[in-house]
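Please open the model in your viewer and keep the selection panel at hand. The tour goes from one selection to the next, with a short account of what is found at each stop.

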Amino acid sequence: MGANLKIIHLVCACLFLGNVIVSGIWALLAERTGNHAIIQFSNRMVLITDGLFTLLGSIGIVWTGHGLAENIGGAEGHPWIQWSYALLSFSGLIWLFILVPIQLKQRALLQNTDKVCEDYWRLSRIWQIAGAIATVLPLPIVYFMVTKTL
């Protein structure tokens, strides 16, 4: 079971990290066009892929990661696992309480007008900064998983 759990864990990590990186790129490229329809499409796709890949990937990471940690005596004796939990949790809180609410507000703004308004751009700047932080936070976890140091 350990090898299968590890494979699922790695797939979930790839889906999660891939999507959080690509979401920012999608939004940035769409916004650079200034085209309302393209930005609206990108916003909708980011919301959908966040639900499919970021949310499901993070659930899979936590579930399989906890199972794998139990196979080696639990997180208590392994600081790298504790750091991984902390970094993933902080990233998740940023997504849950800052990024997704902003995306939903942006969606409403885009649906209510055919122009990209100043409120949208203000929210976009916050989303870019918070998104960059939420994207960078899980990256050290990959290092921890591979090297198991700390």
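The second largest pocket has a volume of about 440 Å³, where a pocket is an open set of points on a 1 Å grid over the protein atoms alone, with protein on both sides within 12 Å along at least five of seven lines, and where lining residues have an atom within 4 Å of a point. The volume is the space filled by probe spheres set on the points, which are joined across faces, edges and corners. To find this pocket, select Thr-54, Leu-55, Ser-58, Gly-92 and Trp-95, which are the closest to its centre among the 18 residues that line it. H2 and H3 are the elements that give two or more residues to this lining, helices being DSSP runs of H or I with at least four residues, numbered from the N terminus. H3 provides the largest share, 9 residues. By class, the lining has 11 nonpolar, 6 polar and 1 charged residues, with Ala, Val, Leu, Ile, Met, Phe, Trp, Tyr, Cys and Pro counted as nonpolar, Asp, Glu, Lys and Arg as charged, and the others, Gly among them, as polar.

Before moving on, note that this is a predicted model, in which local features need pLDDT of at least 70 and side-chain atom pairs count only at pLDDT 80 or more, while totals for chains, interfaces and linings use all residues. Residues are numbered from 1 along each chain as its sequence is written, and side-chain values use heavy atoms, with hydrogens and water left out.

Next, select His-9, Gly-65, Leu-68, Trp-80 and Met-145, which lie nearest the centre of the largest pocket and belong to its lining of 25 residues. About 570 Å³ of space lies in this pocket. Two or more lining residues come from each of H1, H2, H3 and H5, and H1 gives the most, with 7 residues. The lining comprises 19 nonpolar, 4 polar and 2 charged residues.

A search of the whole structure finds 1 cavity of 30 Å³ or more, a cavity being a set of points where a 1.4 Å probe fits but cannot get out. About 80 Å³ of space lies in the largest cavity, and its lining includes Ala-27, Glu-31, Ser-42, Asn-43, Gln-103, Tyr-120 and Trp-127. H1, H2, H3 and H4 each give two or more residues to this lining, with H2 giving the most, 4 residues.

Which residues does Asn-43 contact, leaving aside its neighbours within four places in sequence? They are Gln-103, Gln-106, Arg-107 and Leu-110, contact meaning heavy atoms within 4.5 Å. Asn-43 is found in helix H2 and is buried, with a relative accessible area of 7%, where buried means under 20%, exposed over 50% and partly exposed in between, for a 1.4 Å probe and protein chains only.

Finally, select Phe-16, Ile-61, Ile-94, Leu-99 and Trp-127, the residues with the most contacts inside the largest nonpolar core, which has 25 residues. Such a core is a set of buried Ala, Val, Leu, Ile, Met, Phe, Trp, Tyr and Cys residues joined through side-chain atoms within 4.5 Å. Helices H1 (2-33), H2 (36-71), H3 (79-111), H4 (118-136) and H5 (139-147) each supply at least two residues of this core, and the largest share, 8 residues, comes from H3.
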